[in-house]
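I opened this notebook to record what I looked up in one structure, entry by entry. The terms are given with their cut-offs where they are needed.

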Amino acid sequence: MSNLTTDRIRNVALIGHSGEGKTSLAEAILFNAKAIDRLGRVDDGNSTMDYDPEEINRKISIGLGIGNAKWQDHKINVLDTPGFFDFEGEVIAAMHVADGAVIVTSAGGTLTVGTEKALDLVAEKKRPAILYVNGVNKDNADYVATVNAIRDAGYKKVVMAEIPVVEGLKVVGYVNVLDGKAYNLAGQEMPIPAKYQDAYEEARLEIVELAAETDDDLMMKYFDGEELTHDEVIGGLKIAIQEDKAIIAVGGSAKDNALVTNLMNNIINFLPAPSADASKPFAAQVFKSVVDKFVGKLLVFKVFQGVASSGDTVTNSSVDRPEKFGTLYTLNGKKQEPIDKLIAGDIGAVAKLSYTNTNHTLCASDSVVVFDNIDFPTPVISFAVCAAKQDDDEKVFAGINKLLEEDCTFTLAKNVETNEMLLSGLGEAQLDIVCKKVKNKFGVDAVLKEPRVNYKETIRRSAEAEGKHKKQSGGAGQFGVCYVRFEPGAEDGEFEFVDAVVGGAIPRQFIPAVEKGLREAVKKGVLAGYPMVNLKCTVFDGKYHPVDSKEIAFITAAKLAYADGVAKASPVFLEPIMDVKVTVPESYLGDVLGDMNKRRSRILGTDSVNGKQIIHVEVPQAEILKYATDLRSMTQGRGKFTVEFARYEEVPQSNSAKIIEDAKKRAEEDAKK
């Protein structure tokens, strides 16, 4: 569309529960606009948006799919998001650049969790939205009951703008609530079926009231009993949608491509154009990166102002580096279509930039701006990751690091205390798919295991011990004796060494050897080999031999004193305590609190914010390793939580035996490797 202007662009995110037809709807939109020449199907693995091997295999979207449809002299950029909660980051990225949303729900007569979360998200992000009720012609489907269930759950601003007319299992037409008429699929007017009359009248009243409330003159006209004109209803409804006071509901069947063109018309008529300025110097933000084995890293961006042209030299203001555009593209799934320029408000992609990643701002070199980063969700679950074959570890980690360029919601980092590489993300499915992608793209097998908890060891009382190292048979002799007092209370909370030797019992030159031996020893506690902390070590006496005493002898003697003395000083385990905030609907409060009580937690309090309960709790790390999965199951996906390290606390004696047993098993496994 060479004559495209910003006011004729619509950037629309398709959001909602997994499996309710977002990708099928995107497929139908693209097909109707002749952007694709066949109607693919998710179940057949040939849809435009789901092209990743894992998407085809699992029959779910795992990444943000992008397409564009030319319709009624407009361009609709379709952002097809995953519905599975592990891939929430893709939804957040889409909503960052979308100017409106289509919430896709099934016509099952209920409010699904994903629909509820989508409705909350558009309210939070202040994005105008349309509700699309999909599959209205399936067995036991009920469009009107579905919309009413959503309204009954508190979402009163959802109102029916259309009512699909279904006979048997076939969509045969629709009632247009806005103009008070019914039409068949050929666009010919027909009577409003009797079975929809009550729903129509109720919806019509709601629509007119919403329209009237947007303008004082319309409100007076309405109260005076005058009929609002069609244009007044449409104009008022547009304002209500823009001001987040109304979400219009329409319906159809994406799989059968029934009434999808109605939705496309409604997107153009009721969702806003981008609030982008073509007259300002160029500025854009990258909201997604795709690692493509043919073109390299493909960066998908939205132009927020000005124009992007192939061949332009721009500045990456996020890292203060110059970049030069090669070919610009628009996207339809994995298909890249070259384009000369992208105007303000449009979405496109570019490959082979040197310094640019997701969240970076690209702008004109003489007019530098930096956009706020997309607020991606932070990881809440971690697994230790390694290669199935030990020699492949570096290949696995290199593959994961490559995939990090595509997804900002998972991380790979080494835990220096447990020496494990931790893969962290939003859910088990996401991390499993990361490993599958490493196999598919880089040919190496990655394995996930439950991570080790960062236990530490300490002592509860004082004890003294002798460390004696004597080797005087054959060759040069070794001799060193030290007496050390061990007690809790290191000055820095970790390790403190005190030299209290008098009278030369240990010569000055060997005192550092004693300290060195103790510092090496505290790396492993006496219970299960975890680091020893908060240990004060005072060397107060010793013996030496004028010929056989050497540094190594006193290092060894110190280690022997440590092993004996710490074992007598009532050693205990310390465990990391995490500060957790769980946000759930009030109906789940009792279940979540009851579950937390089973996890040795300390409930600090609850708050009510925006109709949700926020539970503040401290809980041992060992008790919440898979809490992301457990909470999702407990709340049907409605709950979420954040977690931060708080401090270390002593482990109850009843739990110590299991920690020791687990450590022995790991030592045996490591020995076999």
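I take a polar contact as a pair of N or O atoms within 3.5 Å; within protein, one must be able to donate a hydrogen and the other to accept it, and residues adjacent in sequence count only if both atoms are side-chain atoms. I note that this is a predicted model, in which local features need pLDDT of at least 70 and side-chain atom pairs count only at pLDDT 80 or more, while totals for chains, interfaces and linings use all residues. Residues are numbered from 1 along each chain as its sequence is written, and side-chain values use heavy atoms, with hydrogens and water left out.

I began with K245, whose side chain is joined to that of E243 by a polar contact of 3.1 Å. I then looked up where K245 sits, and found it in the loop between α8 and β11; helices (H or I, at least four residues) and strands (E, at least two) are DSSP runs, numbered from the N terminus. K245 has a relative accessible area of 46% and is partly exposed, where buried means under 20% relative accessible area, exposed over 50% and partly exposed in between, with a 1.4 Å probe and protein chains only. Not counting residues up to four places away in sequence, I find K245 touching K157, L210 and A240, a contact being heavy atoms within 4.5 Å. I also looked up Q188, which is 57 residues from K245 along the chain, and the two C-alpha atoms are separated by 32 Å.

D244 is found in the loop between α8 (230-242) and β11 (247-252). I noted its positive phi of about 60 degrees, although D244 is not a glycine, and its relative accessible area of 24%, which makes D244 partly exposed.

**Entry: N610**

Which phi does N610 have? I read a value near 50 degrees, which is positive in a residue other than glycine. N610 lies in the loop between β32 (602-609) and β33 (612-620), and with a relative accessible area of 78% N610 is exposed.

**Entry: helix α5**

I went through α5 (residues 143-152) and found that seven of its ten residues are buried, so that the helix is mostly covered. The buried residues of α5 are Y143, V144, T146, V147, A149, I150 and R151. An α-helix has 3.6 residues a turn, so residues three or four places apart point the same way. At the N-terminal end of α5 the cap is D142, a side-chain oxygen of which lies 3.3 Å from the backbone nitrogen of V144. After α5 comes G154, with a positive phi near 110 degrees.

**Entry: α6 against α7**

The axes of α6 (residues 197-212) and α7 (residues 216-223) come within 8 Å and cross at roughly 135 degrees; axes are lines fitted to C-alpha atoms, for helices over the stretch in contact, and angles run from 0 to 180 degrees between N-to-C directions. The two helices, α6 and α7, are therefore oblique to each other, since angles under 35 degrees count as roughly parallel, over 145 as roughly antiparallel, 65 to 115 as roughly perpendicular and the rest as oblique. On the α6 side the contact is made by L205, V208, E209, A211 and A212, and on the α7 side by L218, M219 and Y222.

**Entry: aromatic pairs**

I looked up the aromatic pairs and found that the structure holds 14; rings of Phe, Tyr and Trp (its six-membered ring) pair if their centres lie within 6.5 Å, with planes under 30 degrees apart counted as stacked, over 60 as edge-to-face and the rest as tilted. The centres of the F84 and F87 rings are 6.1 Å apart and the planes stand at 40 degrees, so this pair is tilted. F84 is partly exposed at a relative accessible area of 32%, whereas F87 is buried at 6%.

The pair of Y627 and F641 is edge-to-face, with 5.1 Å centre to centre and 75 degrees between the planes. Y627 lies in helix α15 (residues 627-635) and F641 in strand β34 (residues 640-650), so the pair ties together parts that are 14 residues apart in sequence. Both Y627 and F641 are buried. I also recorded one aromatic cluster, formed by F282, F301 and F325.

**Entry: T635**

Helix α15 also holds T635, which counts as buried at 0% relative accessibility. A polar atom of the T635 side chain lies 2.8 Å from the backbone nitrogen of G639. Leaving aside neighbours within four places in sequence, I find T635 in contact with V584, Y588 and V592.
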